[in-house]
Amino acid sequence: MEDMDRRSAMALGLTVAAATPLVALATPAAGAMYGPEDGTEIMPGVRQVKLGEFPATFGGYAKAVLTDYIYAPGVVEPSSPMMNDMICQMVEGELLTKLRDEEPSVSKTGHLWTCAKDALEQNTNQSDAIAVMRTIDLLPA
């Protein structure tokens with residue numbers, strides 16, 4: 001291992017400190033942590049849990065909003081355009097996801113994808129368990 005000077009050690013320390021909140025945000029949420037009344041029902045069988053927001057410092061975005069969506073078993077969400085550019089991740093369960101004009105595919109726990117503003121997406125929970133999708137909405141400056 002090469003010798004590390006004080007400036008390099010400080011840069012490394014700041015990098016680790018800056019990345020720590022991102023790791024915490026990426027940790028999957030357990031569906032059991034949400035009760036049947038948590039969040040706000042935005043349509044029958046789909047609840048929205050707002051987790052927070054933080055400044056975005058890239059790509060002309062002003063902030064990012066972190067939200068979990070909890071899908072009850074059997075829910076079919078209508079196809080709708082995305083309101084913003086966003087990053088989505090399945091943190092629990094699975095959804096049948098149809099993006100744009102692509103064939104539907106199963107998004108399982110850990111799957112990560114992006115959606116562009118105005119792109120169409122439809123999600124269906126075909127399982128007998130809840131599904132939790134986390135989104136990071138990127139809001140323009």
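The largest pocket of this predicted model has a volume of about 350 Å³. A pocket is here an open set of points, on a 1 Å grid over the protein atoms alone, with protein on both sides within 12 Å along at least five of seven lines, and lining residues have an atom within 4 Å of a point. Grid points are joined across faces, edges and corners, and the volume is the space filled by probe spheres set on the points. The lining comprises 16 residues, of which Tyr69, Glu77, Ser80, Met82 and Met86 lie nearest the centre of the pocket. By class, nine of the lining residues are nonpolar, four polar and three charged; Ala, Val, Leu, Ile, Met, Phe, Trp, Tyr, Cys and Pro count as nonpolar, Asp, Glu, Lys and Arg as charged, and the others, Gly among them, as polar. At least two lining residues come from each of strand 1 (40-43), strand 3 (61-71), strand 4, strand 9 and strand 10 (131-140). The largest contribution is that of strand 10, with three residues.

The model is predicted, and local features need pLDDT of at least 70, side-chain atom pairs count only at pLDDT 80 or more, and totals for chains, interfaces and linings use all residues. Residues are numbered from 1 along each chain as its sequence is written, and side-chain values use heavy atoms, with hydrogens and water left out.

Helices (H or I, at least four residues) and strands (E, at least two) are DSSP runs, numbered from the N terminus. Of the 141 residues, 32% count as buried, that is, under 20% relative accessible area with a 1.4 Å probe, protein chains only. The chain exposes about 8,800 Å², of which carbon and sulfur atoms supply 61%; these areas come from the Shrake-Rupley method with a 1.4 Å probe. Among contacts (heavy atoms within 4.5 Å) between residues at least 6 apart in sequence, 65% join residues at least 24 apart.

Two strands are taken to pair if DSSP finds at least two bridges between them. Strand 1 and strand 2 (residues 46-55) run antiparallel and are joined by three bridges, with methionine 43 facing valine 46 as its bridge partner. Two residues separate the strands of this hairpin, in which glycine 45 takes a positive phi near 85°. Strand 2 also pairs with strand 3, in the antiparallel sense, over nine bridges; phenylalanine 54 has alanine 64 of strand 3 as its bridge partner. The hairpin of strand 2 and strand 3 has five residues between the strands, and glycine 59 there takes a positive phi near 60°.

Four strands form an open, antiparallel sheet in the order 4-9-6-7. Strand 4 (80-81) and strand 7 (105-108) stand at the edges with a single partner strand each, so one side of each is left without a neighbour in the sheet. Strand 4 is joined to strand 9 (residues 120-124) by two bridges: proline 81 is partnered by leucine 120, and serine 80 by glutamate 121.

Terms used: 1 Å grid on protein atoms, 1.4 Å probe; cavity = no way out; pocket = protein on both sides within 12 Å on 5 of 7 lines; lining within 4 Å. Buried < 20%, exposed > 50% of the residue type's maximum accessible area, 1.4 Å probe, protein only.
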